[in-house]
Amino acid sequence: MIADVLAETTSRMTRAVEAAKEDFATVRTGRANPQMFQKVMVDYYGSPTPLAQLASLANPEARSLLITPYDKSALKAIEQAIRDMPNLGANPTNDGNVVRVTMPELTAERRKEYVKIVRSKGEDAKVHVRGIRRKSKDELDALKSDVGEDEIARGEKELDALTRQHVDLIDDALKRKETELLEV
């Protein structure tokens with residue numbers, strides 16, 4: 001029973017770390033990257049639709065991105081969604097067939113703002129992992145009547161080790177992203 005709780009916890013914490021890494025990828029660095037546009041939602045016939053479902057994204061140059069919509073009528077909506085996306089600073093232009101997005105050069109001040117944003121996202125991810133730990137601890141406490149207190153204490157130690165391990169993984173990803181952002 002304790003092993004089941006710990007296995008489920010490991011799975012949920014791993015998903016939280018992966019989500020944090022994906023979230024970090026949406027913050028731009030000096031180069032254009034299709035992952036930055038993962039969270040762009042386009043108003044397509046009245047419903048918000050992820051950009052990746054409406055168009056193909058190509059990266060022809062370091063600071064530009066080429067977006068080819070599957071449906072040409074979505075061009076204006078895609079362009080508007082990119083323009084409205086916060087923290088992107090992208091300037092989309094459309095030539096009737098494709099949307100070209102040129103990323104401006106990052107200033108030192110803007111890089112520092114991005115580092116703050118990434119740190120905030122990292123802290124949110126750590127809070128999420130700790131929330132998973134709290135839920136799992138409650139599940140372990142509920143098992144006290146079925147198994148001994150020694151087993152529960154051992155399970156809690158393993159739970160703490162898992163939490164620490166996953167928080168460290170988030171910290172490592174955060175450090176990598178910070179170095180990437182500050183690299184000129």
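## A first look at this predicted protein

The protein exposes about 10500 Å², and carbon and sulfur atoms supply 50% of that area; accessible areas come from the Shrake-Rupley method with a 1.4 Å probe, and for residues only the protein chains shown count as cover. This is a predicted model, in which local features need pLDDT of at least 70, side-chain atom pairs count only at pLDDT 80 or more, and totals for chains, interfaces and linings use all residues. Residues are numbered from 1 along each chain as its sequence is written, and side-chain values use heavy atoms, with hydrogens and water left out.

Now for the fold. The protein has five helices and six strands, which are DSSP runs numbered from the N terminus (helices: H or I, at least four residues; strands: E, at least two). Starting at the N terminus, their order is α-β-β-α-β-β-α-β-β-α-α.

Here are some values for the whole protein.

| Property | Value |
|---|---|
| Span of the C-alpha trace along its principal axes | about 70 × 40 × 20 Å |
| Buried share of the 184 residues | 38% |

Let's zoom in on one residue, S64, which lies in strand β4 (residues 64-69). Is S64 buried or exposed? S64 counts as buried because its relative accessibility is 12%; buried means under 20% relative accessible area, exposed over 50%, and partly exposed in between (1.4 Å probe, protein chains only). Which residues does S64 touch, leaving aside its neighbours within four places in sequence? S64 is in contact with A32, N59, V101 and T102, where contact means heavy atoms within 4.5 Å.
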